[in-house]
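Visitor: I am new to this structure and would like to learn how to read it. Could you take me through it slowly, one feature at a time?

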Amino acid sequence: MIHLTYLQIACAQEYLLGSVFLFCRSEGIRARRLLAGGLLCCYANALLILWATPDDHMIPVAGTPFFPVSLIATGTFGAFLLLVYLLEVVHPGLMNWRNRVLAAIPCLCPILLYYLTVTISGKPVRVLSNGVELIRYFQEFNVWFRVILFLSGLLYVVGLFWLLANYHARHLQWCKQKALKALPGDLSWLRQAGWGLAPVMLLYLLWLFNGWEAAHEVFLLLCLLFFAFLIYKGLFHRGAGAISTQPAVALDASAVTGIYDSCLELPDGYVDETFEALLPGYADQVKKWMQTAQPYLRKDFKLIDVSEVLLLNRSYLSLVFNKGMGESFSQVVQQYRIEYAKALLQIYPEMHIEEVASRSGFAVPATFYSVFLKQAGVTPRQYRDQFIDNPSGKEGMCVTSKAGGV
């Protein structure tokens with residue numbers, strides 16, 4: 001029992017330190033943030049286990065009986081967190097908030113429904129001793145619903161092993177489909193992770209169906225080693241879902257043996273048919289992002305910054321504007337900035353022209369004057385005077401706090 005407590009404390013410390021290091025070194029890489037968040041959830045669960053008492057059947061403690069709902073829920077949630085992280089590693093950019101919520105539905109909904117129903121009914125949780133009792137009391141909600149929870153967890157586990165067995169083909173297909181500008185790192189460590197996960201799952205099942213304390217101890221020990229491996233790969237491995245935001249550079253194909261040709265920089269003027277079919281959707285994403293996030297207000301806004309919303313290389317990003325939107329990146333950005341400047345001139349006529357230029361994303365006032373005159377046909381001052389003389393024609397885009405608190 002003492003050794004078990006020490007192992008639980010060691011696991012909790014590993015989860016906490018690993019999450020802190022991963023958050024500090026996230027460097028904008030979503031996979032690292034996902035792993036850090038998952039470790040924080042594991043840390044919270046470890047604290048609950050340490051504080052629980054043997055009579056608390058809502059939390060998996062030492063001496064857990066046969067097929068306890070607490071251990072089923074914990075295992076299901078852990079499989080969900082691990083699957084989300086590995087999906088992001090194999091498919092960089094896939095696990096945005098929407099996809100994370102969708103992936104969580106088979107996990108969280110049954111768990112929340114179970115605990116909510118048990119709490120409202122006020123009935124004690126049935127403690128089972130063996131499989132015979134599982135069959136005998138199967139008609140009770142808190143017994144048969146455990147099977148539902150177990151099957152939902154099994155769904156995540158099957159997904160995990162399928163992904164680990166097919167990571168190479170899935171990563172290659174994703175890279176080609178999304179035209180990632182960053183070269184994928186060596187993901188062979190995922191196969192090693194699969195071999196490490198297999199004994200962890202085996203010990204989990206032994207703990208789940210037999211409640212052996214020895215199985216619990218070995219399970220925690222393997223978890224220590226397995227998560228140490230994941231934390232190391234998440235922190236230092238180039239292939240752990242890392243997507244560089246730096247401009248792509250030309251590479252000698254002979255120097256990158258094993259790297260996928262589909263991820264290299266495009267030749268000038270090249271547009272494949274698959275990507276051309278995706279252009280309208282990409283253009284809509286950029287327009288929505290420009291309207292909501294207003295990145296054009298940043299004076300240092302560059303083409304490569306669009307990779308925040310589209311995981312494409314520089315050549316493909318340029319095609320999204322030139323082919324998908326019909327204008328170059330600089331022309332589109334200037335249009336958004338000028339429309340924003342018009343709104344400022346209309347709403348705040350007392351604001352200095354230089355300040356309007358700065359808040360609209362122009363680093364040099366002279367550039368603002370020339371671009372405004374070219375697009376509006378009048379100077380900023382003339383435009384403002386026309387608007388003051390004719391206020392009934394009030395138009396303009398929404399000015400938000402992104403403009404510096406206006």
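This is a predicted model: local features need pLDDT of at least 70, side-chain atom pairs count only at pLDDT 80 or more; totals for chains, interfaces and linings use all residues.

Visitor: Which aromatic residue has its ring paired with that of Tyr232, and how are the two planes set?

Guide: The structure holds 28 aromatic pairs. In one of them the rings of Tyr232 and Phe236 have their centres 5.5 Å apart, and their planes meet at 50°, so the pair is described as tilted. Phe236 itself is exposed, with a relative accessible area of 53%.

Visitor: Where in the chain do Tyr232 and Phe236 lie?

Guide: The general idea is that an α-helix has 3.6 residues a turn, so residues three or four places apart point the same way. In this structure, Tyr232 and Phe236 both belong to helix H9 (residues 213–236), where they are 4 residues apart, about one turn of the helix.

Visitor: Which aromatic residues are linked into a cluster by ring pairs?

Guide: Such a cluster is formed by Tyr114, Tyr115, Phe141, Trp144 and Phe145. Rings can also have a charge over them: the charged end of Arg100 sits over the ring of Trp97, 4.3 Å from its centre, and the charged end of Arg126 sits over the ring of Tyr137, 3.9 Å from its centre.

Visitor: How many salt bridges does a search of the whole structure find?

Guide: The general idea is that side chains of opposite charge can pair when their charged atoms come close. Here the search finds 6 salt bridges. One of them joins the side chains of Arg298 and Asp305, at 3.8 Å from N to O; Arg298 is partly exposed at 32% relative accessibility, whereas Asp305 is buried, with a relative accessible area of 14%.

Visitor: What parts of the chain does the pair of Glu308 and Arg298 tie together?

Guide: Glu308 forms a salt bridge with Arg298, and their closest N and O atoms are 3.3 Å apart. Both residues lie in the loop between helix H10 (273–293) and helix H11 (314–324), so the pair ties together parts that are 10 residues apart in sequence. Glu308 counts as exposed, at 53% relative accessibility.

Visitor: How many residues does helix H8 have, and which of its residues are buried?

Guide: Helix H8 (residues 189–210) has 22 residues and reaches 32 Å from its first C-alpha to its last, close to the 32 Å expected at 1.5 Å a residue.

Visitor: What can be said of the chain as a whole?

Guide: The secondary structure comes to 15 helices and 0 strands, and buried residues make up 44% of the 406 residues in the chain. Of the contacts with a separation of 6 or more, 72% are between residues 24 or more positions apart. The chain exposes about 20,700 Å², and carbon and sulfur atoms supply 62% of that area.

Key: Residues are numbered from 1 along each chain as its sequence is written. Side-chain values use heavy atoms; hydrogens and water are left out. A salt bridge is a side-chain nitrogen of Lys or Arg within 4 Å of a carboxyl oxygen of Asp or Glu. Buried means under 20% relative accessible area, exposed over 50%, partly exposed in between (1.4 Å probe, protein chains only). Helices (H or I, at least four residues) and strands (E, at least two) are DSSP runs, numbered from the N terminus. The expected span of a helix is 1.5 Å times one less than its number of residues. Contact means heavy atoms within 4.5 Å. Accessible areas come from the Shrake-Rupley method with a 1.4 Å probe; for residues, only the protein chains shown count as cover. Rings of Phe, Tyr and Trp (its six-membered ring) pair if their centres lie within 6.5 Å; planes under 30 degrees apart count as stacked, over 60 as edge-to-face and the rest as tilted. A charge sits over a ring if NZ of Lys or CZ of Arg is within 6 Å of the ring centre and within 35 degrees of the ring normal.
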